[in-house]
Amino acid sequence: MKQTSNCIYSKENRILSECLKVMRKRSHMTQKELAIQLGYSQAYVSKYERGQMQLGFVDVRKICRVLGTQLEEFVVQYETNLKGGKKE
């Protein structure tokens with residue numbers, strides 16, 4: 001099994017950040033609106049969307065719930081993007 005990097009600047013984290021940003025925009029929410037619903041600051045959303053912080057599983061699940069996306073659907077999209085495809 002290939003080991004992945006825990007670096008916040010890894011390909012995996014970059015793609016995760018981009019997927020979350022696309023999902024937010026598709027939900028027609030601003031960073032500030034999402035942050036309010038998450039109970040965080042707008043800077044928190046900005047930082048993870050720019051890849052400047054690493055999110056945990058619980059955070060990703062919470063974001064998906066707020067944006068009305070099933071976690072399973074998000075994981076499929078993420079995996080597709082990791083493999084170089086654009087299912088979006």
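Biologist: Is Leu34 buried or exposed, and at what relative accessibility?

Modeller: This is a predicted model, so side-chain atom pairs are counted only at pLDDT 80 or more. The place of Leu34 is in helix α2. A residue counts as buried under 20% relative accessible area, and Leu34 therefore falls in that class, with a relative accessibility of 0%.

Biologist: Leaving aside its neighbours within four places in sequence, which residues is Leu34 in contact with?

Modeller: Contact is taken here as heavy atoms within 4.5 Å. Leaving aside the neighbours within four places in sequence, the residues in contact with Leu34 are Arg24, Met29, Val45, Tyr48, Val66 and Leu67.

Biologist: How many helices and how many strands does the secondary structure of the chain come to?

Modeller: Read from the N terminus on, the elements run α-α-α-α-α. The chain has 88 residues, of which 36% count as buried. Its secondary structure comes to zero strands and five helices.

Biologist: Which element of the chain has the lowest mean pLDDT, and which the highest?

Modeller: Over the chain, pLDDT averages 91, and 89% of the residues score at least 70. Among the elements, the lowest mean, 95, belongs to α1, while the highest, 98, belongs to α2.

Biologist: What covers the buried residues of α1?

Modeller: Helix α1 spans residues 11-26 and reaches 22 Å from its first C-alpha to its last, close to the 22 Å expected at 1.5 Å a residue. Its buried residues are Asn13, Ile15, Leu16, Ser17, Cys19, Leu20, Val22, Met23 and Arg24. What covers them includes α2, α3, α4 and α5.

Biologist: At what angle do α1 and α5 pack, and which residues of α5 make the contact?

Modeller: The axes of α1 and α5 are 10 Å apart and the helices pack at an angle of about 130 degrees, which makes α1 oblique to α5. On the side of α1, the contact is made by Lys11, Glu12, Ile15, Leu16, Cys19, Leu20 and Met23. On the side of α5, the contact is made by Phe74, Gln77, Tyr78, Asn81 and Leu82.

Biologist: What is the phi of His28, and where is His28 found?

Modeller: Most residues other than glycine have a negative phi. His28 has a positive value although this residue is other than glycine, and its relative accessible area of 72% makes it exposed. His28 is found in the loop between α1 and α2, with a phi near 55 degrees.

Biologist: Which residue just after α3 takes a positive phi, and of about how many degrees?

Modeller: Within α3, the buried residues are Tyr44, Val45, Ser46, Tyr48 and Glu49, and the buried residues of this helix pack against α1, α2 and α4. Just after α3, the residue with a positive phi, of about 75 degrees, is Gly51.

Conventions
Residues numbered from 1 in each chain as written. Heavy atoms only, no water. Helix = DSSP H or I, 4+ residues; strand = E, 2+ residues; numbered from the N terminus. Expected span 1.5 Å × (residues − 1). Buried < 20%, exposed > 50% of the residue type's maximum accessible area, 1.4 Å probe, protein only. pLDDT = per-residue confidence, 0-100. Axes fitted to C-alpha atoms, helices over the stretch in contact; angles between N-to-C directions. Parallel < 35°, antiparallel > 145°, perpendicular 65-115°, else oblique.
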